Amino acid sequence: MSWLPINPESDFSLQNLPYGVFRPGPGAAARVGVAVGNKVMDLSALAEEGVFGDSDNYVSCFSKPYLNDFMAMGKSAWVSVRKTLQKLLSEDIAELRDNEELKAKVFHSLDSVTMELPAKIGDYTDFYSSREHATNVGIMFRGKENALQPNWLHLPVGYHGRASSVVVSGTPIRRPCGQLQKNMKDPKEGSKYGVSERLDIELEMGVLIGPGNELGTPIDIKDAEDHIFGFVLLNDWSARDIQKWEYVPLGPFGAKNFGTTISPWVVTPMALEPFKCKTSAGVQNDPEPLPYLVEPDYRSYDIDLRVTIQADDIPKPVQVSRSNFKNMYWTHRQQLVHHTVTGCNMKPGDLLGSGTISGQTEDSYGSFLELSWNKQKQVQCGESATRYFLEDGDVISITGTCYGDGYRIGFGDCIGKILPAQSKYI
């Protein structure tokens with residue numbers, strides 16, 4: 001229990017303590033904080049008081065406008081800081097509870113701060129690891145008999161995304177323009193320039209990397225967890241019509257590089273530990289992965305993921321999808337290990353996207369491509385509104401929640417609003 005009042009339905013319980021980067025007011029410098037209840041704790045202010053021990057190191061680390069330095073410190077530092085914070089917030093510890101002057105420096109109202117990207121993201125890789133999603137897309141474009149490509153069950157398929165266009169929740173997303181296939185049934189007729197009319201979401205989660213590995217030295221599957229700092233919600237916005245024309249032979253390019261939204265709060269594996277569960281696949285034995293990908297503990301996390309849409313014709317948020325992080329065939333650890341098997345070096349703050357997370361039922365599909373089955377049916381959004389794909393002004397919100405006994409673990413919101421395409425290009 002904590003001396004700080006925390007609503008049991010808050011995303012930010014004492015058991016959570018996610019990290020983020022915030023500005024306490026206009027013109028103020030960004031610094032590292034932790035969310036708890038309806039407050040943000042300023043870790044730079046706590047570090048200046050010496051509560052974390054190695055004060056100079058932590059003051060420098062938590063005064064930065066990014067988490068990369070803390071990410072690089074590794075698991076022992078993460079565990080130590082978490083234990084210190086939980087102790088300071090415990091109801092029987094007076095050190096912070098009875099120090100009004102220090103509390104005034106440390107605590108800020110959650111609704112009064114401005115959140116920034118939690119890390120300097122050097123590289124971003126997106127995967128394609130939900131079997132249900134990959135199967136759905138394969139059926140649409142290749143038929144049921146060839147739904148999964150021959151390599152899909154042997155390795156976590158991925159591609160390199162664009163780190164520069166990863167944005168924090170609340171940042172508007174401009175509808176992209178680009179090359180479109182002139183005749184959707186006959187690619188030989190070539191392309192035309194235009195506005196994407198099949199703008200989509202991808203319900204994903206992201207992993208932010210802690211300590212990296214040396215170039216030429218792969219990460220062993222047994223050590224993968226030591227390299228994972230934490231998790232965010234992720235929406236990899238996608239222009240399906242641009243993608244259709246460009247993706248052969250090298251995969252998505254412009255269709256995915258115009259915007260990726262992540263939640264501002266990074267939830268740690270320590271907070272998620274009680275919610276480990278079997279993946280929807282249960283086992284990987286048909287075929288068995290190659291030895292370097294075999295998990296000592298093939299499990300994921302039970303994270304309830306929901307997508308809502310709101311717009312002028314949808315005045316209140318309407319849920320259009322409900323999935324779960326356990327609907328992943330390839331885990332985040334396997335993704336990381338496969339990424340480095342060639343000797344590729346990861347760095348603190350690198351981002352790995354899970355890929356679209358779809359379940360087995362239609363209401364758990366993680367994209368409008370699936371929900372509308374490639375525009376073959378309308379998606380009901382409330383009593384009167386429908387969609388095939390996203391329209392200008394639509395606001396998409398993704399939430400993720402773990403439900404504990406009397407508490408929750410949440411990520412905050414992952415929100416983006418669609419703005420019209422730049423008129424000068426239309």
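## Tyr292, a residue in a loop

At 28% relative accessibility, Tyr292 counts as partly exposed (buried means under 20% relative accessible area, exposed over 50%, and partly exposed in between, using a 1.4 Å probe and protein chains only). You'll find Tyr292 in the loop between strands E17 and E18. Those labels come from DSSP runs numbered from the N terminus: helices are H or I runs of at least four residues, and strands are E runs of at least two.

What does Tyr292 touch, once its neighbours within four places in sequence are left aside? Tyr292 is in contact with Ile221, Val337, His338 and Val341, where contact means heavy atoms within 4.5 Å. Gly33 is another story: Tyr292 and Gly33 are 259 residues apart in sequence and 37 Å apart in space, C-alpha to C-alpha.

## What kind of model this is

This is a predicted model, so to speak of a local feature needs pLDDT of at least 70, side-chain atom pairs count only at pLDDT 80 or more, and totals for chains, interfaces and linings use all residues. Residues are numbered from 1 along each chain as its sequence is written, and side-chain values use heavy atoms, with hydrogens and water left out.

## The whole chain

Step back and look at the protein chain: its secondary structure comes to 11 helices and 26 strands. The radius of gyration is 22 Å, close to the 22 Å that the globule rule gives for 426 residues, so the chain is as compact as a globular protein of that length. Here the radius is taken over C-alpha atoms, and the rule is 2.2 Å times the number of residues to the power 0.38. Along the principal axes, the C-alpha atoms fill a box of roughly 70 × 50 × 40 Å.

How much of the chain is buried? Of its 426 residues, 54% count as buried. Now take contacts between residues at least 6 apart in sequence: 72% of them join residues at least 24 apart.

## Helix H2 and its buried face

Helix H2 covers residues 55–62, and Tyr58, Cys61 and Phe62 are buried in it. Why do they line one face of the helix? Seen down the axis of H2, the buried residues fall within an arc of 80°, so they end up on one face; the arc is that of the directions from the helix axis to the C-beta atoms.

Leaving aside neighbours within four places in sequence, Thr84 is in contact with Val51 and Phe52.

Most residues other than glycine have a negative phi, and most peptide bonds are trans. A cis peptide bond joins Val248 and Pro249, with omega about 10°, and Pro249 is in the loop between helix H8 (240–246) and strand E16 (260–262). The bond from Asp286 to Pro287 is cis too, with omega near 5°. Pro287 sits in the loop between strand E17 (276–278) and strand E18 (299–301).

Now for phi: Trp373 has a value near 50°, positive in a residue other than glycine. Asn374 also has a positive phi, near 55°. Trp373 is in the loop between helix H11 (368–371) and strand E22 (379–381), and Asn374 is found in the loop between H11 and E22. Asn374 is partly exposed, with a relative accessible area of 23%.
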